[in-house]
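User: I would like to learn how to read the features of a structural model. Please take them one at a time, general idea before the case.

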Amino acid sequence: SSSAAPLCVSRPRVAEPTRPRRAHAPSAAVTMYLGQERWAQQGAGRFQVPQPPRAPIPAGRSGGGAGEVGQVQRFAITGCRHDVVGPIVRGDFVLSGSNHGKPTYKKTVQANGLAVLIYFWDERDGAASSGWWIGPEVGGNMVWGHHPNRTSATPPTSGWQAPHSGPPDATMVLSAPGRGPMTAPGMAGPRAPFAGAMAQNGAQQQQQQQQRAMEMQRKQQEMAMQRQRLQAEQNAQMAIRKVVQKVRCATPENFETVKEELARTLAREFDKCGAQKAKLQEESDTALDQAAKKIEEISEQRAKAQEARKEAEKKRQEAVEKAEGLYAELATLAEAAEESSKELQTAVAEFAQQTGLETEGKMNEAAEPVQALIASATEKATAALDFVKAHAVELRVLPQAKGKPPLAKKPAEPNEEQEEVAEEKPTAQALQKLQLQVSTSKLLLDKEVKSFQIAVENGRKKAIAAQEMKAILSVFEKYDKDKDGLLNKKEILQYAKSEFKFTIAESALGSIFSAIAKDGKGVKKADFHRLTVAIGVLRERARDQERRKIREVQEKELADKRAQLQAKVDEIATSIKDVEDDVAETGKQSQALATEGKALKATEMLAKAEEAETKVRATAGKVAGIMKAASEFGTGIEVDAALQAWFEAEKKKLKAKSVTLDTQVQRAATAVEKFRAEAARKDAVEVKALVSKVTMALKEHQAAKSLTAEALFEAIAAKGAESFGAKELTSFVCGLPAGGDSQVLSEEELQRAFRGLDEEKSGAVSKAVFEAMLMVLMKVTKDVAITDGISIREATTLRRLECGEVVQVLEGPVKEEQADVKRVRVRAMQDDLEGWATVAGNQGSLFLKEGADFKVVKETILTPGFDIEAPKDETRKIKESTRKLKPGELIELRGVAKKQEATGLTRMKCKVKADGMVGYVTTVGNTGIKFVEVV
């Protein structure tokens, strides 16, 4: 940035001969510049000003062979390519003083708020810092330019480095006013008297420099001694403060030791602390006081902690004693629960081994003692579990066992009198064993209860089986009439008939008898159950035969019903098949219309569309009948449940086929509708062209005969009629003289043209509509005068027509001979003012342009009548016939705009270009809002 100095020398230099100069850090802008100029080459460290040539420079010559400005009061610097340094150093400089025996010059105008000086610096700071410098102050850190010449008495005229770190800039030149750069001092002739004074001043300064050098050497020795003394003081202070820090961190255990260490350190180092003695003494005393207080606080805290530990230990002992009592109680409950479970286990095992429990009563009698044991064991196990749950928190304080107990030595000879049972001490491990003992007892109890329940169930089943067997055997004895312990064939037949109401066939009886009664005598009591099973098998076979007969009958009936339903399905399917061909043909024809229509006229297309619509309607009627039949199929028909799924699937198939046909017909109808729309569009274009031709022919005839629109209407219509029809129009146009557009129109084309002229679709063209069609509108494109006569020179100006106005042409165009321009008689749509206006000037300026369309700029409505307010009985009709006009729609004028007195609205008759609808629209509201504007 040019708002800050761009260069900075980071070396110390003497600013004044009498005192050393302090180096300053470069500014942010300078650092930025240095980063661009030098740091990218030398790194982010310090940089050195380029060294001047080591060879001695001859007196009066610069290092680059340049001259000097000489003994002048004023000179100027020109040139300098550098973008930043150039604007700073360029300008006029005047003599402002001297430095190191040579003159100093100052720029007459500051640069960015800083002075610009040129001064000399000798070799006191080294050869690299000597020479001529350009900067904001003498001997300052900031410099913009440098010249290494140390022998010239005045600034060199060329060879300057700007910036000082760059190469010499050949364009930078110092010159006195009125002359160019000067030659070297050795070639310039005798110097002015100022040179002698400068030499004398230089000798004095050299003597002063020697004195200052000796003074500086003495001061440096004093400073070295001072530094040694300060270092000793700092070491002593550091040693004392290190021990003071130990005192601050002392604990009751090492406080006395640290205190003694502090005393020894103070005795050894205190006298070396110099001016810090008082402060160090205060720090030591403060540290000791604070440490003593801290030690006292720590001791008090430890005492309180010790007291709290004793109290906690007391409470813990009390809790342990309580837990030991609870442990003993739990041990008793656990032992009782374990004994009851084991006792129950024995009782259940004995119950399961009992025999002779043939009846349920005996079974219940044997089970009562076991049930009593179950109740007792359950009560004890529950008591133990509830105890553990209720006192879990209190028992948690039991101590952990301290290692494993030593193994007891087995005595050589057992002594029962001295044998003692060592009781296990209450510990957390012992509590876990007790809890496991209680859980094990409960598990054993549950297991035995389940085993008992199984044993009781098995016993009951055996008792029931025994009772049933006894009953079966009693039946055997009932039918064993001869009491021989065997059932013969006759007895078996009687048994089956009486017990099962089933008569065994002779062949089946023989098979049973041969299989069970192998000895041929009869069925033994031990085989009676086999006989019962065999009779059951025979009974089931008989039932299967009956069910098969019923199923066969039902299947036959179902097949007959399905055949009847299938016939009805086939009937509708046949109808669908018959219609499919018609639908395919209709679709093919409708799809081909778009291609055929490209080569047809509108009338031919409309005829084709009518024919295709007839075909589509006929086909659609058939499809509608099919769809109705398919959708109603099944209504009122009772369908067997077994056929319901099949019947529903068939109905769906029929309905899907009918829907497909309907879709195809709809597609064909859409194609025909699209074709008709295209035909209508083409017809509208053709009719519009025909209307244009007829209108042009009528206008040509009107111009040729100089007829007004009213006169032309009366020529077409019957005498006294307010409208004319297609016949009158055809007759009139066909009777027009040869040569006009009407000669190329046939009667059919004139009939079509009449349809376009009949905008109100009433079968006749009224006088108002006819005059509106022939109306010629022109738009004012440039302000022009409207006058009361055709002659521009003789007529009087009525007013000026403004650009954008619309006028109706009443007569012309007529050539005005004097001005050689075409003039028309017009009526201004704005105020109905009539007069003459110029169409175009004789220099080519266009004032009136034929044609004027109108555009809707704010949404409004198109109504069938001029009056927007209607009686209540007509409101519904008006609403049905109105149409919204949206902004952007184009309309054509069909009547002059008039103001409705009742509402204050300005309304006009128009025709919508988009759809040809004719009606009245509001152009300006009663508040001045515009709804319609001229395009």
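User: Is glutamate 269 buried or exposed, and what is its relative accessible area?

Analyst: First, the basis: this is a predicted model, in which local features need pLDDT of at least 70, side-chain atom pairs count only at pLDDT 80 or more, and totals for chains, interfaces and linings use all residues. Residues are numbered from 1 along each chain as its sequence is written, and side-chain values use heavy atoms, with hydrogens and water left out. Buried means under 20% relative accessible area, exposed means over 50%, and partly exposed is in between (1.4 Å probe, protein chains only). Glutamate 269 has a relative accessible area of 13% and is buried.

User: Which residue does glutamate 269 meet in a salt bridge?

Analyst: Side chains of opposite charge can pair when their charged atoms come close. The criterion for a salt bridge is a side-chain nitrogen of Lys or Arg within 4 Å of a carboxyl oxygen of Asp or Glu. Glutamate 269 pairs with arginine 268, at 3.3 Å from N to O.

User: Which residues gather in a patch of negative charge on the surface?

Analyst: A patch is made of residues with over 30% relative accessible area and no salt bridge; like charges are joined within 9 Å, and nonpolar side chains (Val, Leu, Ile, Met, Phe, Trp, Tyr) within 5 Å. Lys and Arg count as positive and Asp and Glu as negative, while His and the chain ends are not counted. The place of a charge is NZ of Lys, CZ of Arg, CG of Asp or CD of Glu. Here the negative patch holds Glu307, Glu311, Glu318, Glu321 and Glu324. Glutamate 307 is in helix α5 (residues 277–352).

User: What does serine 590 contact beyond its neighbours within four places in sequence?

Analyst: Contact means heavy atoms within 4.5 Å. With those neighbours left aside, serine 590 contacts Ala668, Ala671 and Val672. Serine 590 is in helix α11 (residues 528–596) and is buried, with a relative accessible area of 3%. Lysine 568 also lies in helix α11, but its relative accessible area is 37%, and it is partly exposed. Lysine 568 touches Phe633 and Ile637, not counting residues up to four places away in sequence.

User: Which residues of helix α16 are buried, and what covers them?

Analyst: In helix α16 (residues 747–757), the buried residues are Leu750, Arg752, Ala753, Phe754, Gly756 and Leu757. Their cover includes α12 (602–632), α13 (644–705) and α17 (767–774). Across the protein, buried residues make up 35% of the 935 residues.

User: Where is the cis peptide bond that involves proline 163, and which aspartates have a positive phi?

Analyst: The cis peptide bond joins alanine 162 and proline 163, with omega about 5°. Proline 163 lies in the loop between β6 (145–147) and β7 (173–175). Aspartate 820 has phi near 55° and sits in the loop between β15 (806–816) and β16 (821–828). Aspartate 832 has phi near 65° and sits in the loop between β16 and β17 (834–840). Aspartate 820 is partly exposed at 46% relative accessibility, and aspartate 832 is partly exposed at 45%.

Methods:
Areas by Shrake-Rupley, 256 points an atom, 1.4 Å probe, with all protein chains shown as cover. Helix = DSSP H or I, 4+ residues; strand = E, 2+ residues; numbered from the N terminus.
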